[in-house]
Amino acid sequence: QPNQHPAPGQTMPLSTDRVESTIPQADGQTRWVYPSPQMFYNALRRKNKSTGDEEAHMEAVVAIHNNMNERTWNAILEWEKRYCE
């Protein structure tokens, strides 16, 4: 179960809502689910990547992260369509 709890010293609540991606998992039946802003923040803290001021920006960071993954996945599909069919 992913850590959706506030980090020690966290000064504001972060969303625990997760968004399903369009990217299929290896089983072909399920899709990847992106981390919530709380999970992303916890990962930054766990990996000592926190600068201490990102709490207020987590919604935007996660949106950019998800968008980049989706765009990259679509680029892969286009490449495969061009070169693998």
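# Close-up views of a predicted model

**View 1. Surface, overall dimensions and fold of the protein chain.** The accessible surface of the protein chain comes to about 6,300 Å², and 54% of that area belongs to carbon and sulfur atoms. The model is a predicted one. Two helices and two strands make up the elements of the protein chain, and from the N terminus on they run β-β-α-α. The radius of gyration of the protein chain is 16 Å, whereas a compact globule of 85 residues would have a value near 12 Å. Along the principal axes, the C-alpha atoms fill a box of roughly 50 × 25 × 20 Å.

View 2. Of the 85 residues of the protein chain, 25% count as buried. Among contacts in the protein chain with a separation of 6 or more, 51% are between residues 24 or more positions apart. The charged side chains number 9 positive and 11 negative. The centres of these two sets lie 5 Å apart.

**View 3. The largest nonpolar core.** Seven residues form the largest nonpolar core of the protein chain: A7, L14, F40, Y41, L44, M58 and V62. Helices α1 (37-46) and α2 (58-83) each supply at least two residues of this core. The largest share, three residues, comes from α1. One of the core residues is F40. Not counting residues up to four places away in sequence, F40 touches P35, M58, V61, V62 and H65.

**View 4. Helix α1 and its cover.** How many of the 10 residues of α1 are buried? Eight are, and the helix is mostly covered. The buried residues of α1 are P37, Q38, M39, F40, Y41, N42, A43 and L44. What covers them includes α2.

**View 5. N48, after helix α1.** N48 follows α1 and lies in the loop between α1 and α2. Most residues other than glycine have a negative phi. N48 is not a glycine, yet its phi is positive, at about 55°. Is N48 buried or exposed? N48 has a relative accessible area of 70%, over the 50% cut-off, and therefore counts as exposed.

**View 6. W73 in helix α2.** W73 lies in helix α2. The relative accessible area of W73 is 21%; this lies between the 20% and 50% cut-offs, so W73 is classed as partly exposed. Which residues is W73 in contact with, leaving aside its neighbours within four places in sequence? They are T22, I23 and P24. W73 and T16 are 57 residues apart in sequence, and their C-alpha atoms are 24 Å apart in space.

**View 7. P13, ahead of the strands.** P13 lies in the segment before β1 (20-24). With a relative accessible area of 74%, P13 is over the 50% cut-off and so counts as exposed. P13 and E55 are 42 residues apart in sequence. In space, their C-alpha to C-alpha distance is 8.5 Å.

Terms used: Residues numbered from 1 in each chain as written. Predicted model: local features only at pLDDT ≥ 70, side-chain atom pairs only at ≥ 80, totals over all residues. Heavy atoms only, no water. Helix = DSSP H or I, 4+ residues; strand = E, 2+ residues; numbered from the N terminus. Rg over C-alpha atoms; globule rule 2.2 N^0.38 Å. Buried < 20%, exposed > 50% of the residue type's maximum accessible area, 1.4 Å probe, protein only. Contact = heavy atoms within 4.5 Å. Areas by Shrake-Rupley, 256 points an atom, 1.4 Å probe, with all protein chains shown as cover. Lys, Arg positive; Asp, Glu negative; His and termini not counted. Charge placed at Lys NZ, Arg CZ, Asp CG, Glu CD. Core = buried A, V, L, I, M, F, W, Y, C linked by side-chain atoms within 4.5 Å.
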